[in-house]
Amino acid sequence: MKTTFREIENDIRYLRLLSQSFPTIADASTEIINLQAILNLPKGTEHFLADLHGEYKSFQHVLKNASGNIKRKVGEIFGNELRETEKKELCTLIYYPEEKLELVKATESDIDDWYHVTIHQLVRVCRDVSSKYTRSKVRKSLPEDFSYIIEELLHERTDDVDKAAYVNVIISTIITTGRADDFIIAISHVIQRLAIDQLHILGDVYDRGPGAHIIMDILSGYHSWDIQWGNHDVLWMGACAGNEACICNVIRLSLRYANLVTLEEGYGINLVPLATFAMEHYGEDPCEEFLPKTTGGSSEIDEKTQRLTAQMHKAITVIQFKVEGAIIERHPEWQMEDRLLLRNIDYGRGVCVIDGQEYEMKSCNFPTIDPADPYRLTPDEQTLIERLRHSFTVNEKLHKHIRLMLSHGSLYSIVNDNLLFHASVPLNADGSLKAVELYAGRRFCGCELMNRIDRVIRSAFQADTDPVFKAFAIDYFLYLWCGRDSVLFDKSKMATFERYFLTDKSLYKEDKGNYFNLRNDEQVCDDILDAFGVFGNNRHIINGHVPVHVMSGENPIKANGKLMVIDGGFSQAYHKETGIAGYTLVYHSRGFQLVQHEPFTSTEDAILRGSDIKSTTQIVEMSAHRMLVADTDIGRELKKQIADLEKLLYAYRHGFIKERR
């Protein structure tokens with residue numbers, strides 16, 4: 001489009017600011033050339049993961065092997081040059097260089113020769129994974145110690161006779177100076193980094209597994225990532241903000257799966273007061289319905305520990321129901337009065353009345369509940385919950401991780417024509433967007449609802465938030481966790497009470513909201529995409545939240561390819577239910593691939609025997625042409641920058657702005 005005098009006059013203030021960065025025609029022209037070149041590079045590879053649930057070892061391995069992408073590239077590069085065992089060894093070295101080097105040095109008879117061959121192989125792999133990036137971007141990913149050396153090796157080829165000796169001398173000198181181990185470790189990490197350009201996590205880092213805090217530590221140093229918050233993430237956010245119901249739920253879930261590592265070791269939350277309280281009040285109670293599930297990745301625990309865990313589990317659950325009741329009563333607009341079931345118990349007869357019908361209780365031993373005022377905390381419970389609240393709200397490491405989630409996250413995101421969110425968009429039965437009351441009687445739907453909720457979440461952590469609104473914001477974490485029209489729950493109820501205390505299993509059913517019932521309808525998905533302003537030719541919705549039951553024949557690809565559900569069950573607690581151990585969705589320059597993972601054995605097994613996560617790749621959608629940076633969000637932004645720079649050139653050449661040589 002031709003630039004006009006009027007456009008320059010309208011933009012003159014902005015162009016003067018731009019001229020400070022590009023003070024001459026040569027500077028502006030060079031930047032235009034650079035940006036135009038970037039537009040024609042292949043798009044970077046995006047990885048989508050969901051519902052990690054603390055399974056940090058599987059998460060680490062998926063990052064290290066780039067969902068099988070590195071293994072595939074090694075196969076393509078070396079073909080029949082290497083035996084399968086040699087390719088497996090090379091992959092293991094790339095994934096776990098420090099550990100693998102120790103094993104190699106203990107068994108290799110001619111270590112210098114091994115170094116020479118291996119470094120050449122690693123350089124070839126690194127050259128391949130870096131080929132779609134600019135030299136500038138690759139340079140920024142290189143470790144300082146070896147930046148110059150790696151850059152030289154990446155851009156010199158041994159098939160060039162004149163440069164072969166040069167390359168060989170560089171590698172030989174790395175070995176003779178005793179830097180081979182450090183170099184191998186450095187270039188392996190560069191390969192891992194360049195194999196994934198952008199990481200998207202569609203929620204639920206927390207709960208069930210043993211290492212949510214480790215995942216957050218990994219992400220704190222990761223080069224490029226974002227997260228769409230899940231229901232378990234906002235539960236921990238609420239606990240950090242001081243929501244007592246969220247605190248109880250966090251502790252209850254940890255006890256339910258016999259997994260206290262994240263709480264006690266990760267964040268240093270002291271549960272001794274809870275243990276003391278539980279032994280005092282539930283010491284004679286068998287608490288059979290509260291015995292922990294030990295399928296969530298924790299090691300087997302002895303009978304005495306099981307019993308104490310069950311007592312703590314029951315104690316915190318009863319307190320949870322009480323503090324939830326207080327919040328629900330403060331917010332009648334949530335219409336959650338049906339969850340106030342402690343009032344419906346006939347404590348003498350051991351039955352609970354729901355919708356006028358009596359249901360038998362599994363047990364009815366509630367030493368801290370006053371039937372006349374069942375939601376009142378006892379003095380001991382009040383003291384305990386205050387201590388726990390203090391532990392969460394002043395926890396420096398937890399606050400650091402929650403700030404990380406806030407700075408890198410949101411409820412939804414639109415990236416390269418893909419709409420990402422964890423769970424749901426509330427819908428009416430006809431598929432139209434459902435208006436949901438948020439606060440002060442105001443109702444919102446679709447992206448506006450999510451935008452408003454996002455602000456509510458952030459306001460809970462801002463010091464300058466109005467105290468009344470901040471109190472609402474902290475309370476609202478409970479609704480996000482279990483509210484009927486919550487964008488992170490969207491079910492008829494959370495049947496926690498029924499599962500623990502009632503014998504009739506028909507009451508355990510949690511009816512899913514309309515989104516989950518209609519998401520296989522292509523028109524419904526198109527309407528949602530339209531409402532969120534996603535209008536590309538190859539647009540999609542990508543979700544997690546609900547595990548895909550592969551064993552039952554469920555397909556993660558829905559609505560004729562418009563929607564992809566990638567929660568395949570990273571958590572070990574889901575493996576028997578889903579039959580797999582998670583999905584990774586990979587979006588590279590040639591299209592989408594869905595990688596289905598089998599359970600990860602162990603890091604030790606991967607290092608010693610070269611075992612990898614067994615993965616099955618399903619082609620979801622391939623592009624007719626190789627997608628370039630020009631086809632992405634970044635490309636659209638670069639085109640705007642080019643247009644601005646062209647205006648700046650016009651301004652220089654027509655005397656609106658003087659060059660500063």
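Colleague: Which helix supplies the largest share of the lining of the second largest pocket?

Modeller: The largest share, four residues, comes from H9. Please note that this is a predicted model, in which local features need pLDDT of at least 70 and side-chain atom pairs count only at pLDDT 80 or more, while totals for chains, interfaces and linings use all residues. Residues are numbered from 1 along each chain as its sequence is written, and side-chain values use heavy atoms, with hydrogens and water left out.

Colleague: What counts as a pocket or a cavity here?

Modeller: On a 1 Å grid over the protein atoms alone, a cavity is a set of points where a 1.4 Å probe fits but cannot get out, and a pocket is an open set with protein on both sides within 12 Å along at least five of seven lines; lining residues have an atom within 4 Å of a point. Helices (H or I, at least four residues) and strands (E, at least two) are DSSP runs, numbered from the N terminus.

Colleague: What is the volume of that second largest pocket, and which residues are the closest to its centre?

Modeller: Its volume is about 730 Å³, where a volume is the space filled by probe spheres set on the points, and grid points are joined across faces, edges and corners. Of the 30 lining residues, Tyr 133, Lys 137, Asp 197, Val 629 and Ile 634 are the closest to the centre.

Colleague: How many cavities of 30 Å³ or more are there?

Modeller: The structure holds four of them. The largest cavity contains about 170 Å³ of space, and the closest to its centre, of 14 lining residues, are Phe 321, Glu 324, Arg 339, Cys 482 and Met 494. Helix H18 (303-330) gives the largest share of that lining, five residues.

Colleague: Changing topic, which residues does H21 meet in H22?

Modeller: Ile 453, Val 456, Ile 457 and Ser 459 in H21 meet Phe 469, Lys 470, Phe 472, Ala 473, Tyr 476, Phe 477 and Leu 480 in H22, contact being heavy atoms within 4.5 Å.

Colleague: And how many aromatic pairs are there?

Modeller: The count comes to 25. Rings of Phe, Tyr and Trp (its six-membered ring) pair if their centres lie within 6.5 Å; planes under 30 degrees apart count as stacked, over 60 as edge-to-face and the rest as tilted. One of the pairs, Phe 366 with Phe 501, is edge-to-face, at 5.1 Å centre to centre and 65° between the planes. These two residues are 135 residues apart, with Phe 501 in helix H23 (residues 496-501).
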